Amino acid sequence: MARSNRVVHFEIPTDYPEKSIEFFNKIFGWEFEKFGTEDYWFAKTGNENEQGIDGALMKKRDPKQPIVNPIDVADLDKTSEEIEKAGGKIVVPKSPVPNMG
């Protein structure tokens, strides 16, 4: 299956999810939906027929936790090898995402 090699999602870690949700909703009109019982909220950032991506807010798990921007690739193992060969570093190993993939 061909993949786009494009950023397809984002995750913004925050110490105060409810305040962040209120901020992004008020300023940008983003809509949020909680994912199960997790401290994770999907963010709909606009009309799916317009340019842009949706993402999520999550309760920060670590003080140094960065924003995450997943990229859609055809072969994760091969792409990881290419990243390392090019001088990049895999800082978090691949792992399943519950109910997603």
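Guide: What follows is a short tour by question and reply.

Visitor: What kind of model is this, and which cut-offs apply?
Guide: This is a predicted model, where local features need pLDDT of at least 70, side-chain atom pairs count only at pLDDT 80 or more, and totals for chains, interfaces and linings use all residues. Residues are numbered from 1 along each chain as its sequence is written, and side-chain values use heavy atoms, with hydrogens and water left out.

Visitor: How many helices and strands does the protein have?
Guide: There are two helices and four strands. Both kinds are DSSP runs, numbered from the N terminus: helices are H or I with at least four residues, strands are E with at least two.

Visitor: What pattern do they follow along the sequence?
Guide: The order is β-α-β-β-β-α.

Visitor: What box do the C-alpha atoms fill?
Guide: Roughly 45 × 35 × 25 Å, taken along the principal axes.

Visitor: How much of the protein counts as buried?
Guide: Of its 101 residues, 21% do. Buried means under 20% relative accessible area, exposed means over 50%, and partly exposed is in between (1.4 Å probe, protein chains only).

Visitor: What share of the contacts comes from residues 24 or more positions apart?
Guide: Such pairs make up 56% of the contacts with a separation of 6 or more. Contact means heavy atoms within 4.5 Å.

Visitor: Switching to charges. How far apart are the mean positions of the positive and negative ones?
Guide: They are 5 Å apart, for 14 positive and 18 negative charges. Lys and Arg count as positive, Asp and Glu as negative; His and the chain ends are not counted. Each charge is placed at NZ of Lys, CZ of Arg, CG of Asp or CD of Glu.

Visitor: How many salt bridges does a search of the whole structure find?
Guide: Three. A salt bridge here is a side-chain nitrogen of Lys or Arg within 4 Å of a carboxyl oxygen of Asp or Glu.

Visitor: What does Asp77 pair with?
Guide: Asp77 bridges to Lys94, with the closest N and O atoms 3.0 Å apart. Asp77 sits in helix α2 and Lys94 in the segment after α2, so the pair ties together parts that are 17 residues apart in sequence.

Visitor: Is that Lys94 buried or exposed?
Guide: Lys94 is exposed, at 56% relative accessible area. Asp77 counts as partly exposed, at 41%.

Visitor: Which residue does Lys78 bridge to?
Guide: Lys78 pairs with Glu82, and their closest N and O atoms are 3.9 Å apart. The two are four residues apart in helix α2, which means a separation of about one helical turn. Lys78 is partly exposed at 48% relative accessibility, and Glu82 is partly exposed at 44%.

Visitor: Where does helix α2 run?
Guide: Helix α2 covers residues 76-85, Glu82 included. Glu81 is in helix α2 too, and Glu81 is partly exposed at 46% relative accessibility.

Visitor: Which residues form a nonpolar patch on the surface?
Guide: Phe23, Ile27 and Phe28, with about 320 Å² of accessible area together. Patches use residues with over 30% relative accessible area and no salt bridge; like charges are joined within 9 Å, nonpolar side chains (Val, Leu, Ile, Met, Phe, Trp, Tyr) within 5 Å. Phe23 lies in helix α1, residues 17-28, and is partly exposed at 44% relative accessibility.

Visitor: Last one. Where is Tyr16?
Guide: Tyr16 is in the loop between β1 (11-14) and α1. Tyr16 counts as exposed, at 57% relative accessibility. Tyr16 and Met58 are 42 residues apart in sequence and 8.9 Å apart in space, C-alpha to C-alpha.

Notes
Accessible areas come from the Shrake-Rupley method with a 1.4 Å probe; for residues, only the protein chains shown count as cover.
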